[in-house]
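This report looks at one helix and at a few residues in loops. Please keep the sequence and the model side by side as you read.

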Amino acid sequence: MLRVTLVACLGFAAAQTDTPLHTAARADDAGKVEALIAEAAELNALGQGGQTPLMAAVLGGATNAVKVLLAKGADTSVGEKDGYTPFHGAGFQGRAEIAKLLKAHGLDPLDTHSDGYIGMHRACWGKEQRHTDTVRAFLKMGVDAEYKAGNGKTCLEMTSNAATKDFVQGWIDRKKKKKAAEL
């Protein structure tokens with residue numbers, strides 16, 4: 001019984017350890033990522049935090065690694081341990097270029113987590129310019145600036161980032177002017 005329990009515990013610990021593919025993906029070493037995949041590295045292995053190499057690359061802002069992983073067929077539907085998917089990670093970390101890659105790969109920017117938030121809402125929480133840039137990317141993808149989260153609030157209502165607030169308000173104002181001009 002003790003041996004079975006120990007093996008089960010060791011197996012769980014091993015499943016939560018990053019693979020060399022995770023390390024290369026986080027480092028944005030596209031050449032190493034390609035080489036490891038060519039050597040039959042498990043493309044969707046779960047590492048620290050239940051993250052796949054793709055999620056590790058997204059969170060780390062490793063654009064080149066994300067490109068390779070997507071091209072090689074990484075499963076974009078696998079969330080990390082809390083269920084956050086790549087779009088959520090791109091939003092939270094303020095990764096506009098990666099968000100654009102995910103959209104171009106066919107992912108839905110309205111992918112809603114069980115907590116009621118989409119990637120754009122997560123970008124709205126960020127305090128840096130990269131978060132504002134990511135909100136801009138989501139809006140250019142067609143996400144409505146007034147899309148409400150599960151808490152009933154919009155990005156504009158949730159953000160404390162002045163640049164994001166100004167950009168989103170300007171986006172809404174331009175949309176209203178355009179609509180009024182069409183009438």
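## Helix α9

The buried residues of α9 are His 131, Thr 132, Thr 134, Val 135, Ala 137, Phe 138 and Leu 139, where buried means under 20% relative accessible area, exposed means over 50% and partly exposed lies in between, with a 1.4 Å probe and protein chains only. These buried residues pack against α6 (86-93), α7 (96-104), α8 (119-125), α10 (155-158) and α11 (162-182).

The model is predicted, so local features need pLDDT of at least 70 and side-chain atom pairs count only at pLDDT 80 or more, while totals for chains, interfaces and linings use all residues. Residues are numbered from 1 along each chain as its sequence is written, and side-chain values use heavy atoms, with hydrogens and water left out. Helices (H or I, at least four residues) and strands (E, at least two) are DSSP runs, numbered from the N terminus.

Gly 126 lies in the loop between α8 and α9 and is buried, with a relative accessible area of 9%. Leaving aside residues up to four places away in sequence, Gly 126 touches His 131 and Asn 161, a contact being heavy atoms within 4.5 Å.

## Positive phi angles

Asp 28, in the loop between α2 (20-26) and α3 (30-38), has a positive phi of about 60° although it is not a glycine, and at 26% relative accessibility Asp 28 counts as partly exposed. Ala 40, in the loop between α3 and α4 (53-60), has a positive phi near 80° and is likewise not a glycine, and at 64% relative accessibility Ala 40 counts as exposed.
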